[in-house]
Amino acid sequence: MIQASHEAVMVNEVLENLVFEQNGKYVDCTFGAGGHSLEILKKINESGTLISIDKDKKATINLSKDFTDDGRFRLVNDSFSNLRSLFEDKEVDGILIDLGISSTQLDDPKRGFSFQSNGPLDMRIDTTKGQTASDWINTATKKEIEDVLWVLGQERASRKIASKICEIREKKPIESTKELSDLIRSCVYTRSKKHPATNSFRAIRMLINNEIEELQKVLEASSHVLCCGGRLAVISFHSMEDRIVKRFFQGKDRNESNVKFQYIKDKFLKPTPKEITINPRSRSAILRVAEKLC
Ligand SMILES: C[S@@+](CC[C@H](N)C(=O)[O-])C[C@H]1O[C@@H](n2cnc3c(N)ncnc32)[C@H](O)[C@@H]1O
């Protein structure tokens, strides 16, 4: 199968709102296929720097010459929740967080993220540690499965799917994306064009990769490492993530930081109809950019 490369989302909006100092220090917390990073490098000058992070080792090998030959660029293979260990407080001018996974990861059947092709039920972004989706599906209680599908996936058939999973795994462990997606399809009645396994797969991926906790931690860390007037841009694809970002910028639900943020212009931005036509995966994106007040 040919793997599609990732098309960076809302690039113009990110550059326009995030990169305000050409000689600034920028961090791309989600390097992926490097689309945003490359554009940031084009916009900053010879004194500017970019440090990009990705916890997927596969995303950080085979870097193109655009990156390896550029002395202003450094790549770190780590979780973005560890941001604070990489920088001094008030050191960074701008931070980008483009949540979720890239098309390159989604379209690779071996990674187990997609219900569109068959592969091992893995779903880990960092494949070197943690439990796979298969480990979890075959050991979690019925109630745990139901709660994850309901809370993270807003899946109305969560109870039915959880019961079916428990029934099937009694006979044989569920190990492939096809087994899981067929099982979900048998439980979900839908008239929409959306694949019946969309919500459940996303929910399980979010759980396996601790995505909500990672987001909360990176927002908190960003508020420390950003300089006064520094900007934080977050692209999310899920209403729950966007709500966390929105409440963080409003100063709500913080564990530790009391830093205040102010939106640059609009409270949020959405992709243009033209971008959605060219890259349909951008349709649910929502970008929020705010600056740190000191
Ligand atoms: C939507 S993609 C980013 C695409 C990128 N902006 C581009 O233009 O190609 C998200 C990336 O973030 C990475 N990622 C997700 N969660 C992460 C985390 N907690 N720490 C570090 N990287 C993470 C994924 O491996 C993936 O490559």
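In which helix does K42 lie? The points below begin with the answer, and throughout it should be kept in mind that this is a predicted model.

1. **K42 and its surroundings.** K42 lies in helix α2, where its relative accessible area of 58% makes it an exposed residue. Its side chain makes a polar contact of 3.1 Å with the side chain of E39. Although K42 and Q22 are 20 residues apart along the chain, their C-alpha atoms are separated by 9.8 Å.

2. **The buried side of α2.** In contrast to exposed K42, the residues H36, S37, I40 and L41 are the buried ones of α2. Around the helix axis they cover an arc of only 140°, which puts them on the same side of α2. As background to such a pattern, an α-helix has 3.6 residues a turn, so residues three or four places apart point the same way.

3. **Helix α8, length and faces.** Helix α8 runs over residues 158-171, and its 14 residues reach 21 Å from the first C-alpha to the last, close to the 20 Å expected at 1.5 Å a residue. Its buried residues are S158, I161, A162, I165 and C166. Viewed down the axis of α8, these buried residues fall within an arc of 135°, so they line one face of the helix. On the other side of α8, the residues R159, K160, E170 and K171 are exposed.

4. **R124, a buried arginine in a loop.** R124 is placed in the loop between α5 (103-106) and α6, and with a relative accessible area of 14% it is buried. Which polar partners does the side chain of R124 have, in the side chain of D122 and in the backbone of G130? With the side chain of D122 there is a polar contact of 2.8 Å, while the backbone oxygen of G130 is reached at 3.4 Å. Once neighbours within four places in sequence are left aside, R124 is in contact with R111, F113, K129, G130, Q131, T132, I208 and N209.

5. The structure holds eight aromatic pairs. In one of them, the ring centres of F31 and F67 are 5.1 Å apart and the planes stand at 75°, so the pair is edge-to-face. This pair links distant parts of the chain, since F31 sits in the loop between β1 (25-28) and α2 (35-43) and F67 in helix α3 (residues 65-68), 36 residues apart. Both partners are buried, F31 with a relative accessible area of 4% and F67 with one of 5%. F67 also forms an aromatic pair with F73, and this pair is tilted, with 4.8 Å from centre to centre and 45° between the planes; F73, like F67, is buried.

6. A single aromatic cluster is formed by F248, F249, F261 and Y263. Over the face of F248 lies R254, at 4.0 Å from the ring centre.

7. Not counting residues up to four places away in sequence, E241 touches L99, M206, E211, I212, L215 and S236. The C-alpha atoms of E241 and G230 are separated by 22 Å, the two residues being eleven apart along the chain.

8. **S222 in α11.** S222 is placed in helix α11 (residues 211-225), and its relative accessibility of 0% means that it counts as buried. Residues up to four places away in sequence being set aside, S222 touches L83, I95, I97 and L232.

Technical notes
Residues numbered from 1 in each chain as written. Predicted model: local features only at pLDDT ≥ 70, side-chain atom pairs only at ≥ 80, totals over all residues. Heavy atoms only, no water. Helix = DSSP H or I, 4+ residues; strand = E, 2+ residues; numbered from the N terminus. Expected span 1.5 Å × (residues − 1). Buried < 20%, exposed > 50% of the residue type's maximum accessible area, 1.4 Å probe, protein only. Arc of directions from axis to C-beta. Polar contact = N/O pair within 3.5 Å; in protein donor to acceptor, adjacent residues only side chain to side chain. Contact = heavy atoms within 4.5 Å. Phe/Tyr/Trp six-rings, centres within 6.5 Å; stacked < 30°, edge-to-face > 60°. Lys NZ or Arg CZ within 6 Å of the ring centre and 35° of its normal.
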